[in-house]
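Let's take a friendly walk through a protein model, one element at a time. Keep the 3D view open as you read.

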Amino acid sequence: MTNHARCFAKVCFSLALVCALSLSTTRASAQPVFMDWALELVDNVAPPNNAYGSAPFFIKWPGINGSAQYENRTLCSNFLTALLQQAYGISAAQIWYWTGSTSPNALKYHDTIVDENGFNRIQYLDELEQGDIIAIYYPGVGGVSGHVSIVEHEPIELTTPIAPIIPGTRQFAVGIIDSTEKGHGDGDSRLKSNGSWVPGAGRGVMRFYADDSGEFAGHTWSLSPHSVYYDMSARPIAVGRLP
């Protein structure tokens, strides 16, 4: 396939995807269809069946494709990919036309959101809704392109900021769902009583900072005062919403 034909096919798929997702998403409830599958998984998957990996990646739900139990083996980005494929019947080839990869990493999702290819980009932190996709790009970090999380709960402003405190910003706690090797601090569903982690899918809280205009200024991995702050130049954030 020539580059011109590939670009044309990608545009055609993007338009078809927007139509399909619009029909499958109930905006009145502010919960995209894929969130139903995500919530069902994280509420039910047992630790022995939950893993952080991708060789191959998969999510299983009882009664779907012959599965008898909930299982997860994903990284952060293909956790999202598996959910989208299950919820909307998207093939690997269609994912490739959409993002440029059959298993897009965090950078691919970040760039697809920035291009607003099948996503509406959300620029203001207080506009986050359940089901919004947060893709963070890690420039210069070998072997890791970034991180992808899904918003579960709308942002709550921290009236008493927690270190690190960045002048000219406001802090917000955002409940998220994702697949990680280590969770997001105290209260994360993957934190075990001995302080170690259940790797894989779960829910936690990340902290995002807004500037004076309300746009994203940066983030930390958790609410811990020891969590490192990254501004938008160090680790750019792109938030996308399915139409």
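The paragraphs below go from a helix to a strand and end at a single side chain.

A word on conventions: this is a predicted model, in which local features need pLDDT of at least 70, side-chain atom pairs count only at pLDDT 80 or more, and totals for chains, interfaces and linings use all residues. Residues are numbered from 1 along each chain as its sequence is written, and side-chain values use heavy atoms, with hydrogens and water left out.

Start with helix α4, residues 92–99. Helices here are DSSP runs (H or I, at least four residues), as are strands (E, at least two), numbered from the N terminus. The buried residues of α4 are Ile-95, Trp-98 and Thr-99; buried means under 20% relative accessible area with a 1.4 Å probe, protein chains only. Viewed down the axis of α4, these buried residues fall within an arc of 75°, so they line one face of the helix. That arc is taken from the directions from the helix axis to the C-beta atoms. After α4 comes Gly-100, with a positive phi near 95°.

Now turn to strand β12, residues 237–241, where five of five residues are buried. Ile-237, Val-239 and Arg-241 point one way, while Ala-238 and Gly-240 point the other way. Strand β4 (residues 120–122) pairs with β12 in the antiparallel sense over three bridges, pairing requiring at least two DSSP bridges. Asn-120 stands opposite Arg-241 in β12. Strand β5 (residues 133–137) also runs antiparallel to β12, joined by four bridges, and Ile-136 stands opposite Ile-237.

Finally, find Arg-190 in the loop between β8 (170–180) and β9 (200–210). Is Arg-190 buried or exposed? At 2% relative accessibility, Arg-190 counts as buried. Its side chain reaches the backbone oxygen of Gly-200 at 3.0 Å.

Terms used. Buried means under 20% relative accessible area, exposed over 50%, partly exposed in between (1.4 Å probe, protein chains only). A polar contact is a pair of N or O atoms within 3.5 Å; within protein, one must be able to donate a hydrogen and the other to accept it, and residues adjacent in sequence count only if both atoms are side-chain atoms.
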